[in-house]
Amino acid sequence: MPKLQSVAELEKYRAEILAQRDPAKPCIAVCAGAACDGMDSAAVAAAFVTEAGKLGGKIEVRTTGCHGYCEKGPNVVVTPGDICYFEVQPADVPEILAATLKGEVVERLVYKDPNTGAKAVHMHEVPFYKHQTRLLIGDNPKIDPMRIDDYLAVGGYAALVKALTEMKPDQVLDEVKKANLRGRGGGGFPAGSKWETTKNAPEKTKYVIVNGHEGESAAFMDRAMLTGNPHKILEGLIIGAYAIGAQKGFMYTRHDMPLLEKHVRNALAQAKEYGLLGQNILGSGFDFECELHFDVGIFVSGESSALMRSIEGNPPEPRPKYIRTSVSGIWDKPSNLNNVETWANVPQIITKGAEWFTSIGSEKSKGTKLISLSGNVVNSGIVEVPMGTPLRTLVFDIGGGVRDGKTLKAIHFGGAMGGSIPADLIDAPLDFDGMSKLGAPIGAGGLLLMDEDTDMVEIARYLLDFLVNESCGKCAPCREGMPQMLHILTNMTQGKGKPGDLERLEDLAEVTGAASLCALGKTSPDPLKSMFRYFKPEYEARIPGGSGDK
Amino acid sequence: MSEIVLKIDDKEVKVAAGTTVLQAAQQAGIYIPTLCHHEKLEAFGGCRLCIVEVESRGWTSYVVSCLYPVAKDIIVRTRSEKVDKIRKVLVEELMAHAPDAPELVKLAEVYGADRNRFERKESFCVVCGLCVRYCDEVKHLNAVGFIDNGAEREISFIPEVAKDVCWECQECFALCPTSYAQAAYLLTEALAFPGQRKAAVRAAKVPVATQRIIPIKPVAATT
Ligand SMILES: Cc1cc2nc3c(=O)[nH]c(=O)nc-3n(C[C@H](O)[C@H](O)[C@H](O)COP(=O)(O)O)c2cc1C
Ligand code: SF4
Ligand code: SF4
Ligand code: FES
Ligand code: FES
């Protein structure tokens with residue numbers, strides 16, 4: 001592939017790709033996402049390739065990233081028509097191919113409502129998908145992540161073209177600011193103002209970074225995006241670099257996902273080959289390089305200053321500076337860090353405009369949010385809904401409610417640094433500020449459902465047990481406070497609660513939250529604080545003499 | 001450099017821009033407790049005892065004074081109910097490791113800390129990092145370093161280096177708030193290089209066998 005020298009060459013090339021593709025030709029998309037892969041979707045994909053090969057190219061087969069409905073993998077989607085087949089086995093392959101050739105549907109493999117038995121054939125009829133707005137993850141079934149041409153075929157890099165040809169960097173920045181895009185990595189910080197800080201910082205050398213560490217337990221949408229559609233994130237990053245005036249970018253991601261690594265490496269190489277990275281991108285005069293970096297497998301390396309130290313080649317220890325990384329980050333240069341999902345939103349904001357983007361979502365949280373559904377939920381998977389969607393829709397309409405006919409007790413957001421709210425708050429809208437006020441900030445978007453049998457003391461213990469191993473140990477409140485809280489909670493779950501334990505826990509939670517150096521320590525007592533707010537009687541019951549605190 | 005006026009405990013203080021709140025307080029003769037701070041070392045921000053309350057444009061926040069730079073018109077309170085509570089609990093947490101460390105005992109008295117409040121783990125080290133950072137930043141020897149993370153974090157002398165340099169230096173022993181630095185050195189010596197310490201000057205005068213009495217320097221009182 002010769003390097004594309006101009007926007008015109010890119011558009012010509014895109015037209016060629018589309019001309020070669022017949023939308024009426026059946027295509028089978030086999031999910032190779034992490035969950036489906038765990039159910040040996042590779043064998044299903046291999047069977048499709050072998051069997052379809054015998055049909056002389058009448059049916060195309062594509063392996064893709066996560067479709068979303070991980071619960072029912074291995075997932076297969078047939079186009080045209082977006083016919084969804086679930087729990088597909090290699091033995092089902094000939095039947096699916098035969099039906100597809102005839103324009104028919106294999107009824108026994110489509111969705112069946114567990115209560116009514118009603119069937120749903122097409123994606124937009126399947127309850128799990130029906131209530132979603134899949135702006136970001138919706139392309140996954142259409143894309144083989146190893147093929148940049150698939151991304152171009154769905155309009156990929158059109159936003160970059162628009163930014164480079166029709167917009168000045170300031171206009172791009174303005175659009176992102178107007179869109180009120182807020183960071184998806186946990187804090188909900190406005191991306192536009194962060195970009196502006198880095199842009200306005202005096203140093204000429206600036207960096208932009210993708211945070212793909214995704215350390216939050218029960219969150220798995222960033223890896224689904226990076227593995228399933230790496231170019232979308234890269235496109236967002238290049239546009240951001242153009243707006244900010246950065247010459248170099250980093251993708252910082254997990255070291256323990258070979259498929260993710262393969263896809264991202266390949267995407268960077270292809271983008272370079274096509275002239276979408278490197279010198280004079282598409283003849284615009286804008287230069288930008290991007291490097292891939294891996295975490296060292298500890299949670300705190302997702303924290304901004306620790307991540308940047310890690311990119312510098314140092315141990316990922318948070319920096320105790322009262323200066324923002326957007327002003328002084330990697331090698332003390334202004335460095336703008338955003339989460340995978342934040343970057344993934346950028347291309348559509350540029351293509352469709354801030355006005356369109358702000359028409360989706362709640363008053364202060366715009367756009368959609370990717371949510372990982374897990375725990376005692378019927379349908380686990382990756383879900384995308386507009387901000388402001390009531391939790392009830394997520395839990396019941398999409399998630400199918402609680403497993404095994406049990407009752408919902410609590411909803412937990414944000415992993416070990418998040419919080420739990422009781423089931424009676426189920427009508428609360430999914431919103432950065434609203435959920436924070438309730439004590440269960442969305443965090444990165446891991447939603448854990450807990451049924452009536454859940455022991456809330458054990459949940460707090462479990463979450464702390466995870467986090468305690470992630471403390472870097474630099475500052476006293478986190479290093480000392482967490483193990484002490486864990487010790488008390490462990491005793492309580494073992495029936496060894498002592499008078500004074502609750503008071504000790506409250507003091508430890510308060511001090512760890514107020515005095516820790518970085519956000520890991522600061523937020524480590526958050527689950528416990530939410531427990532004290534909503535489930536205190538369960539804690540009191542673990543102390544001899546009932547509420548005999550003191 | 002421009003001067004900055006701020007208020008610390010109702011006292012108006014004028015200092016150069018770039019000064020930390022801790023330095024400003026010290027210049028004004030106001031005491032803030034510290035454990036990991038040392039004027040020759042880069043600020044670390046580990047012990048968090050120097051935490052203070054800062055009011056700026058109506059917002060109150062809690063910051064560690066050894067790192068926080070002064071700013072125009074901020075109001076600093078070196079003690080408040082919350083600040084005292086934080087220090088009390090921090091001292092209680094550290095006393096689980098070193099219940100008799102003189103500095104902690106002193107602080108416990110001031111803040112009403114109960115040395116028996118939390119589960120004991122007598123490791124004697126409070127991970128202030130003074131020994132590690134002093135050896136690195138001042139001596140450039142790196143004979144002692146941190147190993148492990150989180151609650152498992154501890155200091156460790158590196159035998160290959162310590163063998164040749166520590167006995168002659170011993171400067172970090174005196175900095176240590178708990179005497180653990182010295183103990184850890186001796187333990188390393190006993191395990192990794194018994195009788196092989198290099199002590200050029202003294203070795204010439206004193207036979208190795210009589211070197212058992214260790215010259216302990218007084219614990220440096222931090223201000
Ligand atoms: C302990 C810790 C772990 C974090 N891990 C992640 C992570 O895995 N991914 C992420 O995007 N942000 C993580 N963050 C948040 C980042 O520090 C940072 O705020 C974020 O990447 C900024 O991107 P955004 O504004 O687009 O959300 C973590 C923060 C802390 C304190
Ligand atoms: S809060 Fe925890 S992770 Fe953060 S610097 Fe302190 S010890 Fe390290
Ligand atoms: S040995 Fe002493 S000086 Fe070194 S980290 Fe531990 S307490 Fe601090
Ligand atoms: S991994 Fe296949 S649907 Fe999620
Ligand atoms: S003296 Fe400031 S944190 Fe230790």
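Select B:Val54 and look across to strand S4 of chain B: B:Val54 stands opposite B:Ser61 there. The model on screen is a predicted one. Now select B:Val52, whose bridge partner in S4(B) is B:Val63. These pairs belong to strand S3 of chain B, residues 51–56, and S4(B), which pair in the antiparallel sense over 6 bridges.

Follow S3(B) into S4(B). The two strands form a hairpin with 2 residues between them. Select B:Arg57 in this hairpin; B:Arg57 takes a positive phi near 45°. Another arginine to select is B:Arg48, which is not a glycine and yet has a positive phi of about 65°. To find B:Arg48, go to the loop between helix H1 (21–27) and S3 of chain B.

**The sheet of chain B**

Move to chain A and select its strands S1 to S4. They form an open sheet of 4 strands in the order S2-S1-S3-S4, again with mixed pairing. The edge strands are S2 and S4 of chain A, and each of them pairs on one side only. Neighbouring strands here are turned by 20° against each other on average, direction ignored.

- S1(A) and S2(A) pair in the parallel sense over 5 bridges. Select A:Ala29 to see it opposite A:Arg62 in S2(A).
- Strand S1 of chain A, residues 27–31, runs antiparallel to S3(A), and 4 bridges join the two. Select A:Cys27, whose bridge partner in S3(A) is A:Thr79.
- S3(A) and S4(A) also run antiparallel, joined by 3 bridges. Select A:Val78, which stands opposite A:Ile83 in S4(A).

Stay with S3(A) and S4(A), which form a hairpin with 3 residues between them. Pick A:Gly81 in the turn; its phi is positive, at about 105°.

Two prolines come next. What kind of peptide bond joins A:Thr79 and A:Pro80? The bond is cis, with omega of about -5°. A:Pro80 is found in the loop between S3 and strand S4 (83–85) of chain A. Then select A:Gly73 and A:Pro74, which are also joined by a cis peptide bond, with omega of about -10°. A:Pro74 is in the loop between strand S2 (60–64) and strand S3 (76–79) of chain A.

Now show the helices that lie across this sheet. Helix H3 of chain A, residues 41–53, lies across S1, S2 and S3 of chain A and runs at about 160° to S1(A). Helix H4 of chain A, residues 93–101, lies across S1, S3 and S4 of chain A, at about 150° to S1(A).

**The ligands**

Select ligand 2 and show the residues around it. Of the 13 residues there, which come nearest? They are A:Cys472, A:Cys475, A:Cys478, A:Cys518 and A:Gly521. By class, the shell around ligand 2 has 8 nonpolar, 4 polar and 1 charged residues. The space that ligand 2 takes is the largest cavity.

Finish with ligand 3. The residues around ligand 3 include the cysteines B:Cys125, B:Cys128, B:Cys131 and B:Cys176. Select also B:Val126, B:Val127, B:Gly129 and B:Ile155, which are among the residues around ligand 3.

Note on methods
Residues numbered from 1 in each chain as written. Chains lettered and ligands numbered in written order. Predicted model: local features only at pLDDT ≥ 70, side-chain atom pairs only at ≥ 80, totals over all residues. Heavy atoms only, no water. Near = heavy atom within 4 Å. 1 Å grid on protein atoms, 1.4 Å probe; cavity = no way out; pocket = protein on both sides within 12 Å on 5 of 7 lines; lining within 4 Å. Sits in = over half its atoms within 2 Å of the grid points. Nonpolar A, V, L, I, M, F, W, Y, C, P; charged D, E, K, R; others polar. Pairing = 2+ DSSP bridges. Axes fitted to C-alpha atoms, helices over the stretch in contact; angles between N-to-C directions. Contact = heavy atoms within 4.5 Å.
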